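Here's a quick briefing to read alongside the model. Have a look at the structure first, then come back for the notes.

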Amino acid sequence: MMSLWEYANPVKFLRLSSKVMPWAWGVGVSCLVIGLVWGFFFTPDDYRMGSTVKIIYLHVPSALMAINAWFMMLVASLIWLIRRHHVSALAAKAAAPVGIAMTLIALITGAIWGQPMWGTWWVWDPRLTSFLILFLFYLGYLALWAGIGNPDTAADLTSILCIVGSVFAVLSRYAVNFWSQGLHQGASLSLDKEENVADVFYQPLLFSIAGFVLLFFALVLLGTRSEIQLRRARALSLRGHTK
Amino acid sequence: MMPELGKYALSVLSAYGATALILSALVIYVLRRSAVAKAALAAQESSEDG
Amino acid sequence: MSALLVRDLKLAIRAGGGFGLALAFFLIVIVLVPLGVGPEMDILSKIASGVLWLGALLACLLSLDRIFALDHEDGTLDLLVTSPLPLEAVIMTKALAHWITTGLPLVVVAPLVAVLLGLPSNGYVWLAISLLLGSPALSLIGTFGAALTLGLKRGGLLLSVLVLPLYIPTMIFGSEVARRGIEGAGVQTPLLLLAGISFGTVAVLPFASSAVLRINLR
């Protein structure tokens, strides 16, 4: 039953990814180490936030990747539904655990940062709330993957869920903005990060972001490889049984 | 060598600690899944040959 | 289509069909809230509109897995898929039947139960209106979730994990209508957005649900 087309692309992917992956790991980890060491040891304290400003090197990159991972899943799901590239569906699956971990890091470092700055671990601020909601969407997506036995059905259904979920996630983002405004007009605790960051903090932050991006890339590549190998093993065992 | 973190030392360190914990859990999960996949594929391919 | 609707309604109202159970569940949730929060009426009346929306949400959720499960078990669903009726129409009918047996009764009952929570008197109208406008979206989103989890053994729990995040925008705008109505603030924006969500789901989600159903039945 297996067509050549179904076979060839994953093989090509495996070959290419085995070449790219060491670079992604190497450069990613070095960027992360440079960014974090630089940020942690060699930057001054912020006049307003004191040493807590060092959390920025974890919080901003992870928050960025939390959203980008979902976006990548959305694109991969669309490619799967339209072009039926297996690698695409499996890449979406591989990205989800990384994305949920990033969301968790963003939430936890945010809470740890918020405690000394705002005097509370948690506020129902639009930004915080929408990240918590994003976390729930990741949970649903992962649960659906885990719940369905047939891998092709699972790929189809999770892709559709990802697309529908994206629409509702965006809706939730706007709804939450609206809802929190309803509680306290304009008075928001959220820091406007982009405007606050001075150059001293910005440069190590760039390294850290690059590190997180490449680490995400490497992890998704490795995860996708594992999924391909698992599917291949499954296909072989099914063929073995029918013989 | 340790920079002066002042009164926020606990916050900063716990943020770094929590991140390290989650990231390493993630990396371990992905690596272990990769090992499982490799082993499963190897087992199938060897039974295919034999 | 109308024959299917009538059949679904009859099945739902018949004993064990789940009609009434959702209402009973709703009532119990509402009774449990003061028992958990405490009997102070001023606190209760403040959270009443949100609690009623939440209760409606959960009651809706409870009856979702029945939308397709029974028809799937006895093979009716396969017949419906191959019937000349477009699958989207089948799904609309199913969602409509779910709304008539769950959403509509909740719209009627919620203002009555609201007395228990001391909902401010100007809130009743807005609560009813917001539920009336929002509950079709709940049924349609729920139908999508039910289609996704069709045929799964532990589908019920998974269904809640999938559907509840999708309910977030509807609930926010719905309870916002009620809250603003009570405070006397302008309700036009959330009301329009709530209507937008409902009509949007009517227009788009049946297509997603039928795609999901086809995948699940192939």
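How many salt bridges are there between chain B and chain A? The count is two, where a salt bridge is a side-chain nitrogen of Lys or Arg within 4 Å of a carboxyl oxygen of Asp or Glu. Bear in mind that this is a predicted model: local features need pLDDT of at least 70 and side-chain atom pairs count only at pLDDT 80 or more, while totals for chains, interfaces and linings use all residues. Residues are numbered from 1 along each chain as its sequence is written, and side-chain values use heavy atoms, with hydrogens and water left out.

**The interface**
- On the chain B side, 30 residues are in contact with 40 residues of chain A (contact means heavy atoms within 4.5 Å).
- The two chains bury about 3,100 Å² between them, 77% of it on carbon and sulfur atoms; that is the accessible area (1.4 Å probe) lost on being put together, summed over both.
- In chain B, the residues that lose the most area to chain A are Tyr8(B), Tyr16(B) and Ile22(B), together 20% of what that side buries.

**Charged pair**
- Arg232(A) and Glu45(B) meet through their side chains in a salt bridge, at 3.3 Å from N to O.

**Around Ser130(A)**
- Ser130(A) is buried, with a relative accessible area of 13% (buried means under 20%, with a 1.4 Å probe and protein chains only).
- Setting aside neighbours within four places in sequence, Ser130(A) is in contact with Arg173(A) and Val176(A).
- Ser172(A) is 42 residues away along the chain from Ser130(A), yet their C-alpha atoms are separated by 7.1 Å.

Notes:
Chains lettered and ligands numbered in written order. Buried < 20%, exposed > 50% of the residue type's maximum accessible area, 1.4 Å probe, protein only.
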